[in-house]
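Take the reader through it step by step.

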Amino acid sequence: MSFDITVLEPSEVSINLKLFKQFHFFHLFDPKSKKVCNFNVHYLVWYIINCVIGCTIMFGMMGYFTEAGNELNIANDVQSMFCCLIYFLCLIKIITYFNKANDIWDLLRVTCTHFLSSTQCQTHIGILKKYRKKSIKITNYISVFAIITTIQWCLYPLVLLLLQKEDANQSSRRFENIFNFRFPVTIVYYNNNYFIFYIIEVSIVVILLYMHIVSEVFFISLCYVMIAQYDMIKRAYENVNSELKSENNCENKNDNNANDCFDDLVSIMKDQQKQFSMLKLFHITYKFIILSNVVAYSGSIIILTYASAMIFTSSESLPMFSIIKLVSSFGNVFIILLILCHLLERINNNMEFVHFGMYNSNWTSMNLRSKKMLLLSMQLNNANELMIKITPRKIINLQFFNSVIITCYNILSAMLNINSK
């Protein structure tokens, strides 16, 4: 029977299957999805949604090129920039998912609990289950945090409107909205039809939230699967020819057990090559998305911090509401960028730890044939080094995250210094 993750039970996969089924995420990649004129219906829906959002955002930004009596407000303008940045990031992800749908569907095979089929790797299936629980816990936290942040953004303008004493018809200032798009209309027209513009921005927020949560949670889940399975391979190599295994104990000097040890090494090496092929597919699929994430989230950190600083130093009333809104968004972006760099570093480290697992095996008591096979496995592991780099020499890891934060701080300081002059 062909692979179909949509019919598998949650216990048979190592990702948050329940969450992805609730979001109907797998329909984007499933070859059996409903089609009209040989065209995926879900693709058509997302094309329409993205075109509508893109046109709405462009229309919302047209106020910068018209004279509609709009007073410039840097703190509000950077929030519109933040929305545009997140939208273009989500657009890149959706386009990538569409273009690489078949690759991602094949990549989902790695999430099956029996992907590493050798007896030695399956002995350590508890490692995968432990990482699965951790992955589900973290992805649920990220989803809840993102939803709470979005609710704050949506409620903020309503709370501010209730606290504002001026009448909409008489106000000389445009009312606050979620992203404060500068629609090419007058202030009076905008205030009189405030809730129409509010609903437009709420619709954009909900769709961006969906794309943001699903894509990030899916990426984090895949990373945890890769980490866990390399850990399983490492443990499998360490326990080859050890006393912990009674059936395939290679410490006996008879040829039969020596052959068993050789077969164990062959089966583990096959699993290792399968895992590497999936890691290679993961890098091919996600490399551009990861680089886009780093650029977009770095820019978001600068924008949100700058907006918070401008609001905090402003003499206007009620700056704390804006601070809470922007700080929560900053925390969300900061945490996701940190997790992204941390997980990619863990994958790189676990690939190297496989080599140490081979060396820590009881190789001294193996026969010559098994030692040659283990040496071949070491050479293959060295040859299969694959890391995502932002530049030819700069690997995406926690050290890179520190560099990003320092760079963001330097740019932010320069922006604040220029603004103060």
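A cavity is a set of grid points where a 1.4 Å probe fits but cannot get out, and its volume is the space filled by probe spheres set on those points. The model examined here is predicted. Rolling a probe the size of a water molecule over the atoms shows where empty space is left.

Counted this way, the model has four cavities of 30 Å³ or more. The largest cavity holds about 290 Å³ of space. Its lining is made of 16 residues, and the closest to the centre of the cavity are Phe82, Ile86, Thr150, His212 and Asn332. Four helices each give at least two residues to this lining: helix 3 (74-99), helix 6 (125-163), helix 8 and helix 10 (319-359). What kinds of residue line the largest cavity, by class? Eleven are nonpolar, five are polar and none is charged.

The second largest cavity has a volume of about 60 Å³. The residues lining this second cavity are Phe25, Leu28, Trp46, Lys93, Ile94, Tyr97, Tyr210, Met211, Val214 and Ser215. Helix 8 gives the largest share, with four residues. By class, eight of the lining residues are nonpolar, one is polar and one is charged.

Take helix 6 to begin with. The axes of helix 6 and helix 8 come within 9 Å and cross at roughly 165 degrees. Angles over 145 degrees count as roughly antiparallel, so helix 6 is roughly antiparallel to helix 8. The crossing of helix 6 with helix 8 is right-handed. Sorted by class, the contact between helix 6 and helix 8 has 26 nonpolar, seven polar and three charged residues.

Now turn to helix 2. The axes of helix 2 (residues 41-61) and helix 8 (residues 194-239) come within 11 Å, and the crossing angle is roughly 130 degrees. Because of that angle, helix 2 is oblique to helix 8. Helix 2 passes helix 8 in a left-handed crossing. Which residues meet where helix 2 and helix 8 are in contact? From helix 2 come Trp46, Ile49, Asn50, Ile53, Thr56 and Ile57, and from helix 8 come Ile200, Ile204, Ile207, Tyr210 and Met211. By class, this contact of helix 2 with helix 8 has nine nonpolar residues, two polar ones and no charged ones.

Some residues belong to both parts of the picture. Trp46, Tyr210 and Met211 take part in the contact of helix 2 with helix 8, and Trp46, Tyr210 and Met211 also line the second largest cavity.

Terms used: Residues are numbered from 1 along each chain as its sequence is written. This is a predicted model: local features need pLDDT of at least 70, side-chain atom pairs count only at pLDDT 80 or more; totals for chains, interfaces and linings use all residues. Side-chain values use heavy atoms; hydrogens and water are left out. Axes are lines fitted to C-alpha atoms, for helices over the stretch in contact, and angles run from 0 to 180 degrees between N-to-C directions. Angles under 35 degrees count as roughly parallel, over 145 as roughly antiparallel, 65 to 115 as roughly perpendicular and the rest as oblique. A crossing is left-handed if the near helix is turned anticlockwise from the far one by less than a right angle, and right-handed if clockwise. Contact means heavy atoms within 4.5 Å. Ala, Val, Leu, Ile, Met, Phe, Trp, Tyr, Cys and Pro count as nonpolar, Asp, Glu, Lys and Arg as charged, and the others, Gly among them, as polar. On a 1 Å grid over the protein atoms alone, a cavity is a set of points where a 1.4 Å probe fits but cannot get out, and a pocket is an open set with protein on both sides within 12 Å along at least five of seven lines; lining residues have an atom within 4 Å of a point.
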